[in-house]
Amino acid sequence: MDADIIYRYFPGLGPLQRERFEALAQLYSEWNARINVISRKDGQQLYLRHVLHSLALVKVVAFSAGARILDVGTGGGFPGIPLAIMFPEAQFTLVDSIGKKIKVVEGITGQLGLDNVQAVNTRAEVVPGKFDYVVSRAVTALPYLIGWVWNKIEKGQAGSLPNGMFCLKGGDLGEEIAAAGKKAEVYEIGNFFGEEFFETKKVIYLPR
């Protein structure tokens with residue numbers, strides 16, 4: 001599967017955005033051969049399972065120029081790298097506690113020329129500074145994530161929705177959301193994308 005699936009849902013991309021999205025398959029293939037960050041099966045479905053999944057957030061929120069976004073537990077760079085391609089005027093900090101994953105993120109963002117991304121090898125709870133938004137993809141249960149980074153989110157609005165946290169998750173999340181003890185809005189990704197892969201997947205938004 002190639003980048004055409006991205007263009008189906010985001011037809012208005014500019015030439016540089018298209019060039020960067022198209023480069024991802026080769027870059028991840030090369031890096032994955034050296035440092036395994038994506039399973040072989042998932043690697044063959046990169047655009048569906050990683051890139052388009054990350055871009056579900058774009059169907060929920062648009063980040064303004066200068067917005068500061070923290071990607072917690074970015075792994076191989078998801079959702080941070082696709083979001084940084086979509087929002088070149090926003091600033092992204094991609095954090096992971098596993099050094100080899102951050103090495104891959106640094107390599108790929110460097111090769112793409114994404115100068116709006118900073119990759120940091122550390123734990124989310126000790127990242128310095130404040131952010132407008134936090135994003136994450138199936139890193140941990142919401143109560144833990146809130147404990148790590150809630151106080152790093154500044155109140156305000158640096159995008160189409162008030163500042164807060166966006167989490168990509170799947171399955172029945174009722175108990176987890178209740179345990180988080182915060183107001184939450186749930187968006188069904190299957191309403192944005194028609195592929196079967198997204199049937200049980202959701203975007204959880206917790207406004208600060």
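This is a dialogue on how labels are assigned in a predicted model.

Student: What kind of model is this, and how are residues numbered?

Tutor: The model is predicted: local features need pLDDT of at least 70, side-chain atom pairs count only at pLDDT 80 or more, and totals for chains, interfaces and linings use all residues. Residues are numbered from 1 along each chain as its sequence is written, and side-chain values use heavy atoms, with hydrogens and water left out.

Student: Why is Thr74 called buried?

Tutor: Buried means under 20% relative accessible area, exposed over 50%, partly exposed in between (1.4 Å probe, protein chains only). Thr74 has 2% relative accessibility, so Thr74 counts as buried.

Student: What makes the link between Thr74 and Asp71 a polar contact?

Tutor: A polar contact is a pair of N or O atoms within 3.5 Å; within protein, one must be able to donate a hydrogen and the other to accept it, and residues adjacent in sequence count only if both atoms are side-chain atoms. The side chains of Thr74 and Asp71 make theirs at 2.7 Å. Thr74 sits in the loop between strand 1 (68–72) and helix 5. Helices (H or I, at least four residues) and strands (E, at least two) are DSSP runs, numbered from the N terminus.

Student: Which residues does Thr74 contact, leaving aside neighbours within four places in sequence?

Tutor: Contact means heavy atoms within 4.5 Å. Among them are Gly80, Leu94 and Val105.

Student: Why is the pair Phe63 and Tyr133 called tilted?

Tutor: Rings of Phe, Tyr and Trp (its six-membered ring) pair if their centres lie within 6.5 Å; planes under 30 degrees apart count as stacked, over 60 as edge-to-face and the rest as tilted. A search of the whole structure finds 11 such pairs. Phe63 and Phe87 are edge-to-face, with 5.2 Å centre to centre and 65° between the planes. The rings of Phe63 and Tyr133 have centres 5.0 Å apart and planes at 50°, so that pair is tilted.

Student: What does the pair Phe63 and Tyr133 tie together?

Tutor: Phe63 lies in the loop between helix 4 and strand 1 and Tyr133 in strand 4 (residues 133–137), so the pair ties together parts 70 residues apart in sequence. Phe63 is buried, at 7% relative accessible area, and Tyr133 is buried, at 0%.
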